[in-house]
Amino acid sequence: MAGRFVPRTTAVPRQEAGPGHADASVPPLTRTWTPPGPLDLRLVLSPLRRGPADPAYRALPDGTFWRATRTPAGPGTLRVSAATDGRIAAAAWGPGAQWLLDGLPALLGADDTPDDFRPRHRLVALTQHRRPGLRLLRTGLVMESLIPSVLEQKVTTDEAYRAWRMLLRTYGTPAPGPADGAFGGYGLYVMPDARGWSLIPSWEWHRAGVDAKRSATILRAVRVARRMEEAAAMDLPEAMARLQLIPGIGPWTAAETLQRSNGAADAVTVGDLHLPGIVGHALAGNRNADDEEMLTLLAPYEGQRHRATRLIMLSGRTPARRSPRMTPRDIARL
């Protein structure tokens with residue numbers, strides 16, 4: 001496309017699912033799995049949700065969860081629900097169906113070790129007791145969490161969610177199976193592959209509200225997507241280092257990614273605007289805590305610091321807001 005003018009009204013063609021695309025008439029692959037202990041699907045899967053209208057995720061009132069993703073085998077759609085006997089029932093469509101079903105236990109926290117966690121604060125102990133179904137998921141997929149984490153850098157969550165929604169619906173792949181066109185006409189979408197991301201024109205990033213710094217970071221990452229995906233099989237220090245080789249990816253983005261892709265129980269989100277104050281308020285009554293104090297307070301949870309922060313967030317003990325919310329920027333109007 002270099003050197004050729006494309007009018008704004010002309011979009012890069014949406015990626016097609018290809019010959020392996022499964023329609024609603026194709027029977028899904030299915031699997032049941034019995035978790036080793038209490039399991040709350042909403043708590044486990046909610047970190048994958050990027051806003052209430054995430055094109056890659058749906059949580060239905062009946063307790064069914066839908067997820068669309070790009071696996072190493074291709075696009076796939078996964079439907080998960082809990083049966084009355086405690087088992088988990090799953091169905092999957094598309095070229096990535098078998099990969100998704102094979103990874104179901106890891107996704108739902110089978111590799112997690114919540115019994116290793118020892119609360120050191122009463123608030124944390126009470127929350128753990130009240131939330132026995134919390135387990136840390138592991139997707140085994142780096143780019144699907146890295147890209148939306150980059151979109152969330154230095155902006156409001158509403159801005160980031162809007163960008164993710166616009167980019168997936170415009171350049172993603174309609175999800176295989178019955179999720180295509182479901183949910184009130186808004187079907188699920190699988191995010192573009194590395195080439196698809198690289199072909200998005202600069203003005204379309206701008207229209208989605210993504211500044212040049214964040215879009216450039218994503219483009220640098222997708223050029224080495226295979227190397228990034230290798231981090232899913234690395235220990236946390238090596239995985240953090242691998243992701244941060246990309247300019248524009250720092251500790252915050254790396255931790256947010258690896259919490260999801262690797263189930264990293266010790267990946268602390270350093271550099272967050274709100275988390276230090278929340279942890280400081282909950283554990284020491286100091287809403288003005290910085291990253292250094294937060295890490296000091298979390299030191300007794302070494303090896304499980306991400307789980308500790310999840311429990312603190314779930315406790316509901318957060319400081320009252322005392323300043324206006326950050327004002328969203330509409331760079332698409334600039």
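H5 gives the largest share of the lining of the second largest pocket, three residues. Helices (H or I, at least four residues) and strands (E, at least two) are DSSP runs, numbered from the N terminus. The model is predicted: local features need pLDDT of at least 70, side-chain atom pairs count only at pLDDT 80 or more, and totals for chains, interfaces and linings use all residues. Residues are numbered from 1 along each chain as its sequence is written, and side-chain values use heavy atoms, without hydrogens and water.

**Glu 144**

Helix H5 (residues 143-151) holds Glu 144. With a relative accessible area of 12%, Glu 144 is buried (under 20%; exposed is over 50%, partly exposed in between; 1.4 Å probe, protein chains only). Its side chain makes two polar contacts, tabulated here. Such a contact is a pair of N or O atoms within 3.5 Å; within protein, one must be able to donate a hydrogen and the other to accept it, and residues adjacent in sequence count only if both atoms are side-chain atoms.

| Side-chain pair | Polar contact |
|---|---|
| Glu 144 and Arg 67 | 3.1 Å |
| Glu 144 and Thr 69 | 2.4 Å |

Leaving out residues up to four places away in sequence, Glu 144 touches Leu 48, Arg 67, Thr 69, Thr 139, Trp 164 and Met 191. Contact means heavy atoms within 4.5 Å.

**The lining**

By class, the lining of the second largest pocket has 11 nonpolar, two polar and four charged residues. Nonpolar covers Ala, Val, Leu, Ile, Met, Phe, Trp, Tyr, Cys and Pro; charged covers Asp, Glu, Lys and Arg; the others, Gly among them, are polar. A pocket is an open set of points on a 1 Å grid over the protein atoms alone, where a 1.4 Å probe fits, with protein on both sides within 12 Å along at least five of seven lines; lining residues have an atom within 4 Å of a point.
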